[in-house]
Amino acid sequence: MKLRIGSFVLLLCIAVGVGCRKKSSHQDVSKFDGEWAVVQLLEKGRALDTQALKRLNITIAQGKLQKVEVDDTRLISAEESAIQLDPTKSPAEIDLVCMQGDNLGKARPGIFSLDGDTLQICIGEIGSPRPTDFVAGTNVSLIQLERKK
């Protein structure tokens, strides 16, 4: 389970740190700003359990995604990623660029859909092809986030 949570953290790290591509603007990225609850996380076709999802806290601000995992009062992990968007593509594209660790500067290619307060991200592993559908697979994770109110 720690491996799955670690992968998710890396995903979010890459997804949330936001360094925009030419086609995205600060206005595009600012639509992601806020605190997000992880509603669902599928990795390699398997869902992360509800208790593990509750330990994850996602904050997106100023083009950066910060993922923090806590267990009661103990910090388990924290990661930050930059987000690069191309909303002109269909489906809209997102790259999550890791801002720390061994994968510093490496991107995970993905697609996203933002519908009101629901953000869905389908993201591949570093070096894998960009997903074309919102389906989890061997090297693809699917994350559904709900904006906290």
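**Notes on the salt bridges and cores**

1. Let's start with E125, which is partly exposed at a relative accessible area of 26% (buried means under 20%, exposed over 50% and partly exposed in between, using a 1.4 Å probe and protein chains only). You're looking at a predicted model, in which local features need pLDDT of at least 70 and side-chain atom pairs count only at pLDDT 80 or more, while totals for chains, interfaces and linings use all residues. Residues are numbered from 1 along each chain as its sequence is written, and side-chain values use heavy atoms, leaving out hydrogens and water.

2. What does E125 pair with? Its salt-bridge partner is R108, with the closest N and O atoms 3.2 Å apart (a salt bridge puts a side-chain nitrogen of Lys or Arg within 4 Å of a carboxyl oxygen of Asp or Glu). This pair links distant parts of the chain, since R108 sits in strand β7 (residues 107-115) and E125 in the loop between β8 and β9, 17 residues apart. Strands here are DSSP runs of E with at least two residues, helices are H or I runs of at least four, and both are numbered from the N terminus. R108 has 0% relative accessibility, so it counts as buried.

3. Now look at R130, which forms a salt bridge with D95, the closest N and O atoms being 3.0 Å apart. R130 is in the loop between β8 and β9 and D95 is in strand β6, so this bridge ties together parts 35 residues apart in sequence. Are these two buried or exposed? R130 is partly exposed at 26% relative accessibility, whereas D95 is buried at 9%.

4. R147 also has a salt bridge, to D117, and here the closest N and O atoms are 3.0 Å apart. R147 belongs to strand β9 and D117 to the loop between β7 and β8, so that 30 residues separate these distant parts of the chain. D117 is partly exposed, with 26% relative accessible area.

5. There's a network too: salt bridges with shared partners join R55, K67 and E69. E69 lies in strand β4 (residues 64-71) and is buried, with 3% relative accessibility. Its side chain makes a polar contact with the side chain of R55 at 3.5 Å (N or O atoms within 3.5 Å, one able to donate a hydrogen and the other to accept it; residues adjacent in sequence count only if both atoms are side-chain atoms). How many salt bridges does the whole structure hold? The search finds 8.

6. On to the nonpolar side. The largest nonpolar core has 23 residues, of which I60, F112 and L119 touch the most other members (a core is a set of buried Ala, Val, Leu, Ile, Met, Phe, Trp, Tyr and Cys residues joined through side-chain atoms within 4.5 Å). Elements giving two or more residues to this core include α3 (50-54), β3 (56-61) and β5 (74-86). A second, separate core has 5 residues, among them L42, I111, V140 and L142.

7. A78 is worth a glance. It lies in strand β5 and is partly exposed at 38% relative accessibility. Setting aside neighbours within four places in sequence, A78 is in contact (heavy atoms within 4.5 Å) with K67, V68 and Q100.

8. Last, the cysteines. C98 is buried at 4% relative accessible area, and C122 is buried at 0%. The structure holds 0 disulfides (pairs of cysteine sulfur atoms within 2.5 Å).
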